[in-house]
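Reader: I'd like to learn how to read this structure. Could we go through it together?

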Amino acid sequence: MSEKPEKFLAPESDSNQGVATLAIEVAAQKIDSPGSRARRRFFRHRLAMFGLVVLIIMGSAAILAPLIAPYDPAAQNLIDFRQPPSAKHWLGTDGFGRDVLSRLIYGARPSLSVGLIAVTFYELIAVILGSLAGYYGGKVDWIIMRTVDVVMTFPSLIIIIFLVAILGPGLRNTIVAIAILRWTEPTRLVRGQILSLREMDYVLAARSLGAKDSRIIRRHILPGVIAPLVVHATFGVATAILLEAALSFLNLGILPPAASWGNMMTAAQELVILEQMPWLWLPPGLAIMLAVLSINFVGDGLRDALDVTRAE
Amino acid sequence: MSRYIVNRLLVSIPVFFGITLIVFGLFALSPGDPVINIIGFASYVEMTPDQVEAVRIQFGLDQPWIIRYFRWLGDALQGDLGFPFKGSMSVTELLMDRLGPTLVLMGSSLLVSIIIGIPVGVIMGLRQYSLTDYFLTVVVFFNLSIPSFFLALGSIYIFALKLDLLPTSGMQTIGAPFSVTDRLLHLILPTMVLSSFYSGVWARYARSSILEVLGQDYIRTARAKGLLEWTVIARHAFRNALLPLVTVVTLSLPQLLGGAIIVETIFQWPGMGMLGWRATTTRDYPILMGVTLISASMILLSNLLADVLYGLVDPRIRYE
């Protein structure tokens, strides 16, 4: 009981006090910029560091796939098919005798890149539409925000599946389908952020000092929008990877013979394969999980690091 | 209060028309001659252009899209969603058949995820930065990161194939008469898989929500009055911390319904998701339109309900 009030007065739960400590700290060490402080916090976040290391390893494996994969991922071998792991094939072979380890390494390419490209794409849309809505207000705002409302009412996976059914499966359409459905949340975020930052005292101060609109937007508004957007985008990559995996699993995303972690698991819908050949579905499943987990950890670290109201 | 409800209703109307326009537009823009979908490719190739035209006129496909849209909308509002390209049941009958199982699965998953997720989040919040908090944070991150189909395959592998405790798929044992126990046994695995992700989501919300409330002045006041810590938390913190979750839960219903597709497909659960997925592989557009329209309308309705509920429990909202 006695420790509770103390905890309650801890700086992280009281933003005023946080700002005060921050101000003192800034006065004491003149070179401590917000950027270096954020970097220090991020590198101290253990889970985020773990995630970063895993992602660097996975990313390098994806880039260097031709050099490190022991076999051609599409090379079929109809004699050695569905072989359990051995010295020759570390993770065994699939139904066409393709080397599972090589497919796992090559599979990192679409799985990681779809997430990155789709998110970059829709965050750009969000910045443009969100700024338009926040900056102009009125009719433009109404139209954009009602469209957001409508799109947000659709169960995203259902619409993505139907979009892919109409557009046809494949890498490009998977990216397009994810982007069409996911731009709404960041658009709201950007708009809300611009609306509230526009009214800040420091923006007023800059304006009364005669700063041009372009300078105010560049120096005072955009940095405030970018921090939460980067955090959102990081978690967005995790969601996009899960979506791509689900689509490929359902044969609506990356189609074989190209390898992706999702489509490597499609075969396991057969109970015989599920029960007797775990080497076919366990490694890609763990790979997806590890990638998504790592990105979520990094996102969590970024959120803590970029939270300007939080003191150390 | 009634003015507030009417206001929310009026806002929903343009959104509803937007939904119908998008649903119709998506399928009107889909590639391929829709006549092929109605009569099948084999007969399409054999038919003369005149016969193809006759089919087109018979199904009203020669009309401009705006007329087709209003005709479709008029029919849909009266409960007529047309016939699928294959099969004798109408789309409305098919959907009515499949709605129940999906609602059962969604309902049980929502319930389980709330029962697990919210207490976990509250504990994390009350024990911030403790070992328990760190441990649960990592567990929650795992819940948020496992692809549902991987979890589904893994749970079938362990609980159905290796331990032989639960059935692998379907809604009931084939050939056996209906029994509640049998139904529940079939429900356990799909519910477990679908609720896992959302337990994580609610836990995270509940944690940050409780932390935010604990920093408020009225909690300081309650403590200053000398109330027992338990009273402060149970009477002052909980209520205010858990209210926003009403909105969060209803706003995530679309994603829950989307997740049901994968779970239903893997577990062969005969709901709307499985119907939609099958219709995707055969490009049965009337079914797809029906599933999309029904699910979007259901979600619009539940959002409306959430707004009203929230206005009821939090009087401040009504005056904004």
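Author: Let's start with a helix of chain B. The buried residues of H8(B) are Ser148(B), Phe149(B), Phe150(B), Leu151(B), Ala152(B), Leu153(B), Ser155(B) and Ile156(B). This is a predicted model, where local features need pLDDT of at least 70, side-chain atom pairs count only at pLDDT 80 or more, and totals for chains, interfaces and linings use all residues. Residues are numbered from 1 along each chain as its sequence is written, while chains are lettered from A and ligands numbered from 1 in the order in which they are written.

Reader: What do "buried" and "helix" stand for here?

Author: Buried means that 20 or more other C-beta atoms, placed from the backbone, lie within 10 Å of a residue's own; 12 or fewer is exposed, and in between is partly exposed. Helices (H or I, at least four residues) and strands (E, at least two) are DSSP runs, numbered from the N terminus.

Reader: What covers the buried residues of H8(B)?

Author: Think in contacts: two residues are in contact if their C-beta atoms, placed from the backbone, lie within 7 Å. The cover includes helix H12 (213-249), helix H14 (271-276) and helix H15 (278-306) of chain A, along with helix H9 (180-214) and helix H12 (253-267) of chain B.

Reader: How do I check the span of H8(B)?

Author: The expected span of a helix is 1.5 Å times one less than its number of residues. H8(B) has 15 residues (148-162), so it should span 21 Å, and its end C-alpha atoms are 20 Å apart, which agrees. There is also a kink of about 25 degrees, centred on Ile156(B); the bend at a residue is the angle between axes fitted to the seven residues ending there and the seven starting there. After H8(B) comes Asp164(B), with a positive phi near 55 degrees.

Reader: How many residues does each chain bring to the contact?

Author: Chain B brings 44 residues and chain A brings 39 residues. On the side of chain B that touches chain A, H12(B) gives the largest share, nine residues. That side has 28 nonpolar, 13 polar and three charged residues. Here Ala, Val, Leu, Ile, Met, Phe, Trp, Tyr, Cys and Pro count as nonpolar, Asp, Glu, Lys and Arg as charged, and the others, Gly among them, as polar.

Reader: How many helices and strands are in chain A?

Author: Chain A has 15 helices and zero strands, and 40% of its 312 residues count as buried.

Reader: What does pLDDT say about chain A?

Author: pLDDT is the predictor's confidence in each residue, from 0 to 100. Chain A averages 81, with 88% of the residues scoring at least 70. Over residues 1-15 of chain A, pLDDT stays under 50.

Reader: Why does Arg191(A) count as buried?

Author: Arg191(A), in helix H10 (residues 184-198) of chain A, counts as buried because it has 24 C-beta neighbours inside 10 Å. Leaving aside neighbours within four places in sequence, Arg191(A) is in contact with Gly130(A), Ala133(A) and Gly134(A).

Reader: And Tyr129(B): is it buried or exposed?

Author: Tyr129(B) is exposed, because 11 other C-beta atoms lie within 10 Å. This residue sits in the loop between helix H6 (91-126) and H7 of chain B, and its phi is positive, near 65 degrees, though it is a residue other than glycine.
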